[in-house]
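Let us read a protein structure together, one feature at a time. Please look at the sequence and the model first.

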Amino acid sequence: MKVSIAKLLLAVVGFAVVIVLITVPTVIFLKEDAQVERRSFTLQDAFNSSMKPKSYNMRWISDHEYLHLSDGSVFLHDLHKNQTSEFLNEDTFDEKGAYDYKLSADRKYAAFLSDYVKLWRHSFTATYSLYDIGARTFINTSDIPDQVQYFAWAPEGNKMAYVWRNNVYVKNGPTSPSVQVTFNGRDNQILNGHPDWVYEEEMFSSNQGLWWSPGGRFVAYAEFNDTDVHNIEYSWYGDDQYPSTISIPYPKPGTPNPIVKLFVVDSDNTTHVDEVVVPAIFGSVDHYLASVTWATDNRLAVQWLKRLQNHLVLQIYNFTDSGWVTAEHQEVKSSSGWIGRFSPSEPVFTSDANSYYLLMSDTNQYKHIHHVSEGTPKAITSGEWEVINIVKVTADSVYFSSNQDGGRPGGRNIYRWTGQKITCLTCGLGDNCQYNSAYFSHNASFYRLSCSGPGVPRHVVMDNRNNIGVEVGIGEDNKAFVDLISDIEMPTMTRGTITVAGYKLWYQMLLPAGFDKSKKYPLLIDVYAGPCSQQVDYSYSVGWSTYLASTEKIIVASFDGRGSGYQGDKLMHELYKRLGTYEVEDQIAAAREFIKFGYIDKDRVAIWGWSYGGYVTSMALGTAKGVFKCGMAVAPVSKWTYYDSIYTERYMQQPSENPEFYASTTVTALAKNFHSVKYLLIHGTADDNVHFQQAAEISEALVEEQVDFEAMWYTDKDHGLSGSANHHVYTHMSHFLLRCFE
């Protein structure tokens with residue numbers, strides 16, 4: 001977000017499981033003064049935002065200046081002058097009821113966002129009010145309509161482009177008239193400049209479907225044609241006398257996909273529109289538009305991906321008198337699985353735009369940075385670890401995040417490559433800072449360093465000039481949070497490895513305060529386990545698990561089995577064409593090994609998960625006889641034929657190409673095995689992602705087998721179960737779990 005399961009489970013019994021306990025305890029601020037009576041972390045604490053560490057919001061607007069939103073106003077921080085000044089006043093936000101803003105590149109104007117209406121995970125509509133910062137007044141002559149679907153300033157000056165009613169518009173300035181570029185936009189049929197449901201969710205992870213060139217001359221935009229895509233429909237109950245019906249083009253495995261084209265319009269002459277033609281090798285087969293990246297105003301990189309997602313073409317187009325002409329062509333193929341981790345990584349161009357850096361699998365099948373010049377890639381990093389992402393490229397350096405340090409896949413550090421050597425910027429920060437990230441200014445002279453764990457997070461601003469990291473300001477040290485939890489019995493985290501199926505695989509356990517290994521504790525497995533997932537890491541978090549460990553004395557454990565990410569393609573691609581098999585078996589194997597640790601009560605072991613985790617929970621309950629007493633599945637998949645095409649086919653191919661594993665890895669086929677476990681099934685009726693259909697199928701199968709189970713649905717709630725439903729679902733699961741462990 002699956003080969004016979006019985007046969008595979010028999011094979012699990014034969015696995016050599018070697019315990020290699022590498023314990024790295026993270027004790028979280030326990031007071032040693034025995035005279036002070038400490039309370040536990042309660043369920044209400046888990047819903048209290050003040051009981052969570054804070055981040056530090058900032059937006060770099062130059063190489064030494066950033067904007068920070070505080071107490072309703074936006075402040076400009078100048079690191080050269082060491083000065084802070086008010087940039088946008090709270091009253092200006094209030095005048096329009098605005099909740100956010102977008103600043104033009106020349107800093108002369110801001111677009112204030114109001115009237116937010118959520119659509120899907122990333123998409124929304126909003127009203128954009130243009131504000132003249134120098135005159136301190138809103139521009140009343142603006143002709144931008146309400147309910148805009150996407151808005152973007154140009155990277156230079158103050159041109160803008162937006163999408164309204166599925167059509168693209170361009171304005172060459174705040175007081176210039178809007179010019180309509182496309183005219184064929186229609187709801188649920190033709191979408192210009194913003195993605196349809198499946199591209200938004202699975203390919204772009206964004207509501208963006210148009211891209212300005214660096215100098216602001218051209219706008220590339222995608223056209224998504226959903227005319228032949230089948231619709232999913234579900235009821236919206238609302239408050240009216242009769243429910244309404246929501247209909248969404250939603251391609252499922254083996255069904256017609258959206259047809260996508262890419263165009264470029266000249267913002268100075270909007271009648272000049274050229275199509276960027278797909279490579280001939282993909283011209284007659286189903287394919288995807290994977291990414292669009294500008295190098296210069298006249299140079300454009302586009303990644304095209306075959307429908308099965310094991311063959312990628314990265315094509316660079318140059319602008320000529322005859323349109324956008326292919327200048328460079330690179331192909332990437334995978335023989336063991338799919339390209340990338342999810343969707344392919346985007347290229348990052350060098351400062352001269354003549355070559356680029358690309359994160360891709362090396363010859364040893366680990367994700368590393370490659371420098372690509374004239375279509376030929378050359379690895380610049382290597383080793384049995386992975387680069388997570390390229391963070392910044394300057395004229396003389398490449399900054400990147402990786403999990404190299406200490407052989408910990410769940411760790412994160414920031415490195416600089418200069419062509420001569422690689423230097424770690426964050427490896428010496430101590431045991432409390434093993435999960436680090438950086439947000440760089442325009443030319444990397446400064447950066448925000450975020451130490452996100454395993455200790456309480458801390459965010460500081462660093463001076464990177466002369467390649468010397470010097471702290472120049474504290475954004476957020478979370479001292480107030482530390483004071484809040486100082487009198488609370490907080491749990492401790494331990495991490496280690498076990499060997500399953502020949503792999504050294506990582507787990508983590510959240511242990512109750514005052515943990516005594518001579519005692520027996522109930523165990524809850526918190527699972528996701530989808531392809532390229534990672535739940536075992538060194539980040540700090542506070543939530544429902546904290547309550548369970550602190551108040552209810554339940555050990556909460558997670559385990560990254562086969563199929564998990566950031567440890568090489570061999571491990572990750574174990575699930576290729578067989579979702580619902582090894583990742584399920586490995587969670588069961590891990591639970592059995594945890595019981596052998598000696599402090600787990602074997603009669604009180606449970607499992608839970610959300611989305612893909614709900615699927616794995618259900619599959620494990622249906623196959624692991626005698627391991628789990630109960631389980632909770634939130635918004636689970638029941639059959640992979642019901643989920644979307646881009647995600648499912650990436651791992652399973654199309655049903656016609658992999659019929660055995662589509663058929664043998666359904667939850668419904670295991671319904672008869674649920675008599676011996678307690679099962680709680682939870683779903684939102686307006687889930688646009690994993691449809692309520694999936695839970696309905698599980699429910700029907702259980703009823704047919706006369707299985708007694710519990711179910712909870714949330715009316716008109718989507719996949720995230722937000723708002724009051726979020727509080728309710730965790731409260732309800734808490735009650736269920738405590739009954740299970742009685």
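The dialogue below goes through strands, loops and a helix pair.

Q: What kind of model is this, and how are its residues numbered?
A: This is a predicted model, in which local features need pLDDT of at least 70 and side-chain atom pairs count only at pLDDT 80 or more, while totals for chains, interfaces and linings use all residues. Residues are numbered from 1 along each chain as its sequence is written, and side-chain values use heavy atoms, with hydrogens and water left out.

Q: Is strand E42 mostly covered or uncovered, and how should I read that?
A: Helices (H or I, at least four residues) and strands (E, at least two) are DSSP runs numbered from the N terminus, and a residue is buried under 20% relative accessible area, exposed over 50% and partly exposed in between (1.4 Å probe, protein chains only). Strand E42, residues 521-527, is mostly covered, since seven of its seven residues are buried.

Q: Which strands pair with E42?
A: Two strands pair if DSSP finds at least two bridges between them. E42 pairs in the parallel sense with strand E44 (residues 600-610) over six bridges, where Asp526 has Trp608 as its bridge partner. E42 also pairs in the parallel sense with strand E43 (residues 555-559), over three bridges, and here Ile525 is partnered by Ala557. From E42 the chain passes through helix H6 (residues 544-550) to E43, in a β-α-β crossover that is right-handed (with the strands pointing away from the viewer, the path from the first strand over the helix to the second runs clockwise).

Q: Where does Gln309 lie, and is it buried or exposed?
A: Gln309 lies in the loop between strand E24 (299-306) and strand E25 (311-320), and has a positive phi of about 65° although it is not a glycine. At 1% relative accessibility, Gln309 counts as buried.

Q: Where is Ala501 placed?
A: Ala501 sits in the loop between strand E40 (492-500) and strand E41 (503-511), and its phi is positive, about 55°, although it is not a glycine. Ala501 is partly exposed, with a relative accessible area of 28%.

Q: How do helices H8 and H9 cross?
A: Two packed helices are described by the angle between their axes and the distance between the axes. The axes of H8 (residues 582-595) and H9 (residues 612-623) come within 9 Å and cross at roughly 65° (axes are lines fitted to C-alpha atoms, for helices over the stretch in contact, and angles run from 0 to 180 degrees between N-to-C directions).
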